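Subject: Handover of a structure for your files

Dear colleague,

Please find the structure below, followed by an account of what was found in it.

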There are 2 protein chains.
Amino acid sequence: MMAGMRSRLRHGAGVSELVVGDGPEFVQRELAEWVAERQIFVVTSAPVWALYGGAYCAALGAGGDGGAVFELPDGEAAKTPAVAGDLWQRMLAAGGRRDSRVVTFGGGTVTDVGGFVAATFMRGLAVSHVPTTVLAQVDAAIGGKSAVNLPAAKNIVGAFHHPDKVVTPTAVLDSLPARELRAGLAEVVKMAVLLDGELLTLLEHDLSSLLDDPGDARWQALIATAQRAKAAVVERDPKEQGERRVLNFGHTLGHAIEAVLGYGVLLHGEAVAHGMRFATRLAAARGLESDFEHRLDPLIRRLSPRPLPELSVERLLEAVGRDKKAERRGPVWVLPRGVGSWHPVRLRADEIAGELADFLAAANRGC
Amino acid sequence: MMAGMRSRLRHGAGVSELVVGDGPEFVQRELAEWVAERQIFVVTSAPVWALYGGAYCAALGAGGDGGAVFELPDGEAAKTPAVAGDLWQRMLAAGGRRDSRVVTFGGGTVTDVGGFVAATFMRGLAVSHVPTTVLAQVDAAIGGKSAVNLPAAKNIVGAFHHPDKVVTPTAVLDSLPARELRAGLAEVVKMAVLLDGELLTLLEHDLSSLLDDPGDARWQALIATAQRAKAAVVERDPKEQGERRVLNFGHTLGHAIEAVLGYGVLLHGEAVAHGMRFATRLAAARGLESDFEHRLDPLIRRLSPRPLPELSVERLLEAVGRDKKAERRGPVWVLPRGVGSWHPVRLRADEIAGELADFLAAANRGC
């Protein structure tokens, strides 16, 4: 394995070890010691377990020492306090103890819910993530954020609780639908744009061939690079009070789109892709950048070709104001100035209403 | 104010300031800056608010900047995920933001639930505690532990989340029923026994006059001393992996008694008092101490004169095994060896069944 496939994220409570490889044998090798002789609770999703439970079961330590495997419903529907409550109950009924451990195996929903349950069961069990989607591999599993949604807004309830290990198998990516693969790459674009110019160039050049061959070894390098970029930001700003806000690029509007459409209509990455386009337009309109929009727009549109459904400007602005990062002066919009450079700006609803209406009209026509 | 009334607890994420004083003016003085120009959510209980809402409302910053006052049902019934879920929803509906702040005003239930909601809303809001019972003042509010119960076991879901300030008014103690005042002192006895011989002597000499006059200035010194004793332990063992276990003296059986009886039959301190007596007996039977039982027993019995209701040994042992501190070799029992000295021992159900049956038979007769 290349040295570049292994990195570390230092945080207040210790270190998360990040490692990227291929399939079940790799995961087994990386987790064997961590799961040995422990009660292991695996949190996964029903579709992921149906596809990969057989191949990865032993590697994850599933059910070790009286533990259990919990299959969540698919998608955002699983990110509720009620689902977390059900897991707490089942872990207690299974004899969960302070030295029990949690392994998550799935996409962003699974890492978010499994991470939250691990953070709060008996005030914190050790957790490791084995992320199976691009989104989870480069974003959700890195940095200790966990969360569930409330009906009115996303990720409102959660905790910071870092994993001991993030063990990332890229072999699972070849079963992802092309739409999900593309949407996941939107988060990679986000990090490339604001953190890593080489990653951006690589995406521009190789996007088609990467999408054609999700099992390819170049994916390991891509994922590992994106993980390192995110880890570096998290290390410098663990509680998202400053620089980590850069990772919110595209998310201010993206979250609002998801909240108003209802979760599941667009994939998270698709909503974020639209959000990045809008943020880039806001930047251009304010003279923060000159021709970056022309570079970014085509790339983002290759990832998220779906037009936006019709959306009410008023309801979107209301949802933007409920964003958990919003303070009284309005939420922070991360506006790109060019590769590796960005500017955080607080904008209230009334300051962007017109631009948002224009953007929605164009996006609805697929422009 | 005496210097001794102000102390600090250093923890991984910063410092908690602990300050003890008398009534509303004192609280106002201590919190004014912390609540200024912030959205403030006060978490309290209905009976506490009925008694003291009027006098303390302004001092707590209640409702500041569009915040709200949340009155929980009284007692353990409020410590559920459903109640936490309701608070999350109401905070979101009220426009809760990352820079909103939480003030808890009440007993241990209020600090536990309010602390948990503060720990998890938007991944953590700043919180300060204004504890109004002896139990909350010397124990629940100090050390960052927060929790809610599941039906089958207490404090199973929670987080470590330290308050910025613990502002303790002793004036409120004079409205506590004598039974609750005595039960709260059981936690003071716990800390005195294992951490502070002078505090123990003071309790032995002055218990009657302290109980006669809850508004007395000596209470401030008593509470401040107990807070400092707990804070010192927490600083040395923030996540309860070692020395902090001393604070579990009496709680291994105490929690089980509460779980089997149903919360609310005995007060927490009463259950802990019985647990301390049993742990002291276990210590004596194992030759860990010689005559400490004769010193401790009379004091504890002055605090908790109620005989134990009839209880099934089997159900108690089962509940002990579910304690969140239990690992595979059985839960840790903190056995006292004398003032300031203790010994943690893992004991499985089968190792204590006989002694527990004897203890219950005697306690049921009021012995």
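The contact between the chains takes 29 residues from chain A and 29 residues from chain B; two residues are in contact if their C-beta atoms, placed from the backbone, lie within 7 Å. On the side of chain A that touches chain B, the elements giving two or more residues are α3 (81–93), α4 (108–120), β7 (145–150) and β8 (153–160) of chain A. Helices (H or I, at least four residues) and strands (E, at least two) are DSSP runs, numbered from the N terminus. The largest share of that side of chain A, six residues, is supplied by β8(A). Its residues divide by class into 15 nonpolar, six polar and eight charged, where Ala, Val, Leu, Ile, Met, Phe, Trp, Tyr, Cys and Pro count as nonpolar, Asp, Glu, Lys and Arg as charged, and the others, Gly among them, as polar.

Please note that this is a predicted model, in which local features need pLDDT of at least 70 and side-chain atom pairs count only at pLDDT 80 or more, while totals for chains, interfaces and linings use all residues. Residues are numbered from 1 along each chain as its sequence is written, and chains are lettered from A and ligands numbered from 1 in the order in which they are written.

The relation between the two copies is as follows. The same surface serves both copies, as 100% of the contact residues of chain A recur in chain B.

Seven strands form an open sheet in the order β1-β2-β9-β6-β5-β3-β4 (chain A), with mixed pairing; two strands pair if DSSP finds at least two bridges between them. The edge strands are β1 and β4 (68–72) of chain A, each pairing on one side only. Direction ignored, neighbouring strands of this sheet are turned by 15 degrees against each other on average. Axes are lines fitted to C-alpha atoms, for helices over the stretch in contact, and angles run from 0 to 180 degrees between N-to-C directions.

Two of the strand pairs in chain A may be described in detail. Strands β1 (residues 6–11) and β2 (residues 14–21) of chain A pair in the antiparallel sense over six bridges, and a hairpin through two residues joins β1(A) to β2(A). In this pair, A:Ser7 stands opposite A:Leu18 in β2(A). Strands β6 (residues 126–131) and β9 (residues 165–169) of chain A pair in the parallel sense over two bridges, and A:Ser128 stands opposite A:Lys165 in β9(A).

Helices also pack on this sheet. Helix α1 (residues 24–35) of chain A touches β2, β3 (40–45), β5 (101–106), β6 and β9 of chain A, and its direction makes about 160 degrees with that of β9(A). Helix α4(A) touches β3, β4, β5 and β6 of chain A, its direction making about 170 degrees with that of β5(A).

By class, the contact of α6(A) with α11(A) has nine nonpolar, no polar and one charged residues.Helix α9 (residues 251–261) of chain A is mostly covered, with nine of its 11 residues buried. A residue is buried if 20 or more other C-beta atoms lie within 10 Å of its own, exposed if 12 or fewer, and partly exposed in between, with C-beta atoms placed from the backbone. Among the buried residues of α9(A) are A:His251, A:Leu253 and A:Ile257. Their cover includes β8, α10 (268–285), α12 (313–321) and β10 (332–338) of chain A. After α9(A) comes A:Gly262, whose phi is positive, near 90 degrees.

In chain B, strands β5 (residues 101–106) and β6 (residues 126–131) pair in the parallel sense over six bridges, and B:Ala126 in β6(B) is the bridge partner of B:Arg101.

Yours sincerely,
A colleague
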